[in-house]
Amino acid sequence: MKASHTIRPVFDDPNLVSAAGLVPAMLLAESAGLHDLLAEQVSVASPNAAVKAASVVGGMLAGADSIDDLDLLRHGGMDRLFAGVRAPSTLGTFLRSFTHGHVQQLDAVGGHLLAGLTCRVPGMIAGAATDQGLAFLDVDDTIREVHGYRKQGAGYGYTRVRGLNIQLAALSTPLAAPVITRARLRKGSTSSARGAGRMLAQAITTARAAGVAGHLLCRADSAYYGWAFVGAALRAKAWFSVTARMTKKVTRAIAGIAEDDWQPIKYPQAVYDEAEQRWVSDAEVAEVGFVAFTGRRKAEHVPCRLVVRRVKRLQPLASDGSEQQELFAAYRHHAFITNTTFTMVEADQLHRDHAIVEQVIAELKDGPLAHLPSGKYAANAAWVALAVIAFNIARAAAIAANLTKARWATLRRKLINVPARIAATGRRLVLHLPTHWPWADAWEALHAVATSPPRPATP
């Protein structure tokens, strides 16, 4: 492949656009109720708030990760395809007018929109819409590094990096890629588990409203090992699976497992152990009855299963000769508590899969959360809420286009950022897209779903 030296670029065509895929994506969002929800529920003191919020979402879908990047919506013939596109300066002022209450309104819009999207694209919760189905809710948080001293709320958290903390809950099924049910921006110095109970309760409510009728398994790592998270799952009649901290009580329970109780398993795919700097493909699991949180009042004691996975150390640690020290010198142990009815091996495999939430975080950081663009805390919180809305729209668009598990960056490359030329025939606009576009069938499938009549309500 060699570029021609005879090309002379001229930026003079008012009928070209570089992101034609925004048309079906935003049509899909509108048909799921985006504009109506924004108009009804967001009361921020800014004229045409719904149009401005939708502009931010559209920019994020096309790849904007800062306020200045939202200018990519104002080129060529975009004003012929979309009404109400605003300048980045206007959108920045709009975001800075948000308060904490307005951000919560955006969170509610995101929850209701997810329900609307699952009605339009049922594959978003494939396998979880029946009483016998299964869905997963994974809660985690991450630090988004910031620079400078004018970022409100920035601080040093558990990563020892100065930034802001983002906590989110991701909903997935064995057949469907994850969507985001709830997310919130927090101060950088906030502990991971703070507000976990409320976050999980809201996420469960959103998941049920989105059509999840079967079992819900709420998963989290050891940062969320506590009554707040587990209690919220129990109150909602959901299952939980939470990595246990290696407290004295947990280590005593592990030490009490008989050697004959360990059952060998082999991972379907090797796992890289950062601590040991090696690939691990074999392990053993065992389980024992356990009562968690006995330090709290009796009503909050939780009888459950303690499932333990162990892998051998390549180089055993030095021992002082005691039995327990020898146990932990020879093996690395990973324990979690759960109240599921799955077999021990199934429970272990399902718990390890909670790392899928890291994929969601990575996609957000590769998109609109590459930066938190404002110095004002509430503006950044609104940015996070709008990023969640854009993420779920992108996921719905991917499923509608039969790119079921495509990541956001893949969706932008294949469906959103497609060049096109606008022509008019009669009173209709025609988009002329590239010939031999490899994903033309996927684009047309998305457009067909976005422009199709709503599905009839089931009795």
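**Helices and a sheet**

Mentor: Start with helix α1 (residues 22–31) and helix α15 (residues 440–451): they pack with their axes 8 Å apart, at an angle of about 25°. Helices here are DSSP runs of H or I with at least four residues, strands are E runs of at least two, and both are numbered from the N terminus. The axes are lines fitted to C-alpha atoms over the stretch in contact, with angles from 0 to 180 degrees between N-to-C directions.

Mentor: This is a predicted model, where local features need pLDDT of at least 70. Residues are numbered from 1 along each chain.

Trainee: Are α1 and α15 roughly parallel or roughly antiparallel to each other?

Mentor: Roughly parallel, because angles under 35 degrees count as that, while roughly antiparallel needs over 145.

Trainee: And which hand is the crossing of α1 and α15?

Mentor: Left-handed; that is, the near helix is turned anticlockwise from the far one by less than a right angle.

Trainee: New topic: how many strands form the open sheet?

Mentor: The sheet has 3 strands, in the order β1-β12-β13, and the pairing is antiparallel. Two strands pair if DSSP finds at least two bridges between them.

Trainee: Which strands are at the edge?

Mentor: Those are β1 (16–17) and β13 (428–432), each pairing on one side only.

Trainee: How many bridges join β12 and β13?

Mentor: There are 5 bridges between β12, which covers residues 420–425, and β13, again in the antiparallel sense.

Trainee: What is the bridge partner of Arg-421?

Mentor: Look for His-432 in β13: Arg-421 is bridged to that residue.

How values were computed: This is a predicted model: local features need pLDDT of at least 70, side-chain atom pairs count only at pLDDT 80 or more; totals for chains, interfaces and linings use all residues. Side-chain values use heavy atoms; hydrogens and water are left out. Angles under 35 degrees count as roughly parallel, over 145 as roughly antiparallel, 65 to 115 as roughly perpendicular and the rest as oblique.
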